[in-house]
Amino acid sequence: MIDASKKIIITQEELKMESLAVLSAAGGILSIIGSIAKPLLILLVGNIAIKMLLKVVRGLMNKTTLDEGIKGFTLTAARIALWALVIITVVDALGIDTTSLVAIVSVVSLALSLAFQDIMTNVFSGIIILLSKPFVVGDYIIEDNKGREGTVKEIQLFYTKLLTV
């Protein structure tokens with residue numbers, strides 16, 4: 001049974017301290033929600049923006065006479081670059097220093113480009129062939145280095161198929 005004769009006395013100072021503690025906890029929760037919401041919002045807006053930009057680029061490229069291989073390569077490269085920007089922005093919004101992240105990405109990119117130098121040479125050679133069109137499907141060509149010859153059957157970024165006799 002509760003003794004009604006005992007009174008609970010709370011001073012104004014104690015009430016202020018309790019109120020500040022509650023407000024501080026609420027502010028901490030709002031701060032955590034805000035620190036999570038901002039990167040998620042950037043990710044959502046970035047996703048929508050990338051889809052819209054790629055749709056515009058795809059529409060513009062469809063109006064050109066570029067080869068389908070070049071169109072696909074360009075769209076893929078644009079998608080990768082745009083997502084890299086969005087990810088760096090999200091990491092920055094999380095409060096992580098992006099300077100070192102960009103430096104690491106640059107070093108890794110350099111290492112990969114040196115490791116895949118021969119492959120990239122073939123890719124860019126394929127792009128040049130597709131853009132400049134020194135020969136097209138159906139042409140009969142003779143390759144200079146090893147004297148291979150034949151009718152061009154297919155031209156891709158990595159290779160050109162010849163139909164030999």
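# Chatting through a predicted model

Colleague: Hi! How far apart are the end C-alpha atoms of helix α2?

Modeller: In this predicted model, the ends of α2 (residues 68-93) are 37 Å apart, going by their C-alpha atoms. At 1.5 Å a residue, its 26 residues should span 38 Å, so the two values agree.

Colleague: Nice. Which residues of α2 are buried?

Modeller: The buried ones are Ile 70, Lys 71, Leu 75, Val 86, Val 90, Val 91 and Ala 93. A lysine is on that list too, namely Lys 71.

Colleague: And what comes just after α2?

Modeller: Gly 95 sits there, and its phi is positive, at about 90 degrees.

Colleague: OK, new topic. How many strands are in the sheet, and in what order?

Modeller: There are three, arranged β1-β2-β3 in an open sheet with antiparallel pairing. The edges are β1 (140-142) and β3 (160-163); each has a single partner strand, so one side of each has no neighbour in the sheet. From one strand to the next, the twist averages 55 degrees.

Colleague: What holds paired strands together in general?

Modeller: Backbone hydrogen bonds do that, in either parallel or antiparallel pairing.

Colleague: Back to this one, then. How many bridges link β2 and β3?

Modeller: Four bridges, with β2 covering residues 149-155. These two strands make a hairpin, and four residues lie between them. Within the pairing, Ile 155 stands opposite Thr 160 of β3.

Colleague: Switching to charges: how many salt bridges turn up in the whole structure?

Modeller: The search finds two. One joins Glu 154 to Lys 161, with the closest N and O atoms 3.6 Å apart. The other joins Glu 143 to Arg 148, and there the closest N and O atoms are 3.6 Å apart.

Colleague: Why do Glu 154 and Lys 161 count as partly exposed?

Modeller: Partly exposed covers the range between under 20% (buried) and over 50% (exposed). Glu 154 has a relative accessible area of 25%, so it falls in that range. Lys 161 is at 38%, so it is partly exposed as well.

Colleague: What about Glu 143 and Arg 148?

Modeller: Both are partly exposed: Glu 143 has a relative accessible area of 22%, and Arg 148 comes out at 49%.

Colleague: Got it. Which residues form the nonpolar patch on the surface?

Modeller: It is made of Ile 104, Val 108, Leu 112, Phe 116, Ile 119, Met 120, Phe 124, Phe 158 and Tyr 159, and together they have about 850 Å² of accessible area. Two elements give two or more residues to the patch: α3 (98-115) and α4 (117-132).

Colleague: Where does Leu 112 lie, and is it buried or partly exposed?

Modeller: Leu 112 lies in helix α3. Its relative accessible area is 44%, which makes it partly exposed.

Colleague: One more. Where is Val 136?

Modeller: Val 136 is in the loop between α4 and β1. Its relative accessible area is 37%, so it counts as partly exposed.

Colleague: How far is Val 136 from Val 152?

Modeller: Their C-alpha atoms are separated by 6.9 Å, and the two residues are 16 residues apart along the chain.

Notes:
Residues numbered from 1 in each chain as written. Predicted model: local features only at pLDDT ≥ 70, side-chain atom pairs only at ≥ 80, totals over all residues. Heavy atoms only, no water. Patch = residues over 30% accessible without salt bridge, like charges linked within 9 Å, V, L, I, M, F, W, Y side chains within 5 Å. Areas by Shrake-Rupley, 256 points an atom, 1.4 Å probe, with all protein chains shown as cover. Salt bridge = Lys/Arg side-chain N within 4 Å of Asp/Glu carboxyl O. Buried < 20%, exposed > 50% of the residue type's maximum accessible area, 1.4 Å probe, protein only. Pairing = 2+ DSSP bridges. Axes fitted to C-alpha atoms, helices over the stretch in contact; angles between N-to-C directions. Expected span 1.5 Å × (residues − 1).
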